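Let's walk through this model together, with the cut-offs spelled out as we go. Keep the viewer open and follow along.

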Amino acid sequence: MEHLTSLKNPKVISFRSLKDKKGRETQNAFLVEGVRMVQEALSSSFLVRAILLREDYQPEYQLPADIPLYILPCHVFQSVCDTKTPQGIAAVLTLQACEASGPRLLALDGVQDPGNVGTIIRTADAAGFTGVLFSPECADLFSPKVLRATMGSIFRLGFSFPASLPEALEQYKKDGYSVLSSQLDGSPFYERQDVASSFILIIGNEGNGVSDAVKAVATHRLCLPMRGGAESLNAAVAAGIMMYDLTR
C-alpha cells in the first residue's frame, strides 16, 4: 500500500493521463472507475496493474494482495477520475488483444458517439454476441464514456480493430459468414432469407450510415421498417432490435 498525496506525483500524473487516448496509447493502459467496473475487471482476463482508493473509501469486497494498492486524498482521486462524483475506487488495466470470434459478431462502421458504442457493446453481450469489430473511425473503445456505458460488458466480449474493415469483412465472408449491412435503403429486415448460422451485423455511422466500401462487401442489405413518422432510429436502438431478433 502506498499513499499518493500530491497532484504532482509522477504516478498520479500517469494515472490522470489515462483520460486521454494519447496517454492510454503511450502507457498501453486504461482506467476503469466504480465498484462494479473494478470488480468486473478483477474477474476478467485483463491484467490489473493497480487499484486506486480514495482515502475515505472502504472496499465492499476483498482486494487481491498481489496488486499494487494506492491511497489518494479526495482531491487527488477526483483529478484522476473522469466522473464528477467518483465512487471511491478505480483500477488501471493493461490494454490487451482479445480477438473477436464466434458465430455471432458485430461490426461498427464509424460509430462515433461514445454512449452509442458502449450501449451497443452492452446489448451485444446481453443478446449473446461474442465479439465486435471496429473501423478506425469509431469512438475509442477504452475512453471513459464508452467504458461506463458498457457496464462491464467490455470484459466479456472479444474486440478486433482491423486497419481496413471492408477487407476484414471480405475474409469473414470467404469463411462462410453472412455479412449483414443495416441501411435505410435495404430490404425489409424481417423478411431476410438465407442468413448463415455464422454472421456479422454491421451498424453504421450515426449520420452517414454504413460506408459504401462496407456495403459493397455485404451479403445482405437490410432495413428496419419505419411505420411512423420517424425517418430512422438511434444507432444503439437499431442495433439492439436487430441483435435480439437475429438470436431468437
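Start at helix α3 (residues 35–42), where V35, M37, V38, E40 and A41 are buried. Buried here means under 20% relative accessible area, while exposed means over 50% and partly exposed lies in between, with a 1.4 Å probe and protein chains only. Helices (H or I, at least four residues) and strands (E, at least two) are DSSP runs, numbered from the N terminus. The buried residues of α3 pack against β2 (29–33), β3 (48–54), β5 (89–94) and α6; contact, here and below, means heavy atoms within 4.5 Å.

A word on the ground rules: this is a predicted model, in which local features need pLDDT of at least 70 and side-chain atom pairs count only at pLDDT 80 or more, while totals for chains, interfaces and linings use all residues. Residues are numbered from 1 along each chain as its sequence is written, and side-chain values use heavy atoms, with hydrogens and water left out.

Next, look at strand β4 (residues 69–72), which contains L69. With a relative accessibility of 19%, L69 counts as buried. Which residues does L69 touch, leaving aside its neighbours within four places in sequence? Its contacts are M1, E2, I51, L53 and L63. For L53, the separation from L69 is 16 residues in sequence and 7.5 Å in space, C-alpha to C-alpha.

E2 also brings us to the salt bridges. A salt bridge is counted when a side-chain nitrogen of Lys or Arg lies within 4 Å of a carboxyl oxygen of Asp or Glu, and the model has 10 of them by this rule. E2 pairs with K11, their closest N and O atoms being 2.9 Å apart. Both ends are partly exposed: K11 has a relative accessible area of 31%, and E2 has 32%.

Another bridge joins D125 and R156, with the closest N and O atoms 2.8 Å apart. This pair links distant parts of the chain, 31 residues apart: D125 sits in helix α5 (residues 114–127), and R156 in the loop between α6 (144–150) and β8 (158–160). R156 counts as partly exposed, at 41% relative accessibility.

The bridge between D245 and R248 has its closest N and O atoms 3.2 Å apart. Here D245 is buried at 12% relative accessible area, whereas R248 is exposed at 79%. Elsewhere, salt bridges that share partners join R36, E40, D125 and R156 into one network.

Now turn to how α5 packs. The axes of α5 and helix α9 (residues 235–246) come within 9 Å and cross at roughly 10°. These axes are lines fitted to C-alpha atoms, for helices over the stretch in contact, and angles run from 0 to 180 degrees between N-to-C directions. The crossing makes α5 roughly parallel to α9, since angles under 35 degrees count as roughly parallel, over 145 as roughly antiparallel, 65 to 115 as roughly perpendicular and the rest as oblique. On the α5 side the contact is made by N116, T119, I120, T123, A124, A126 and A127, and on the α9 side by A235, A236, A239, G240, M243 and Y244.

Finally, the cysteines. How many disulfides are there? The count is 0, a disulfide being a pair of cysteine sulfur atoms within 2.5 Å. The sulfur of C138 is too far for a bond, because the closest cysteine sulfur, in C98, is 18 Å away. C138 is buried at 11% relative accessibility, and C223 is buried at 15%.
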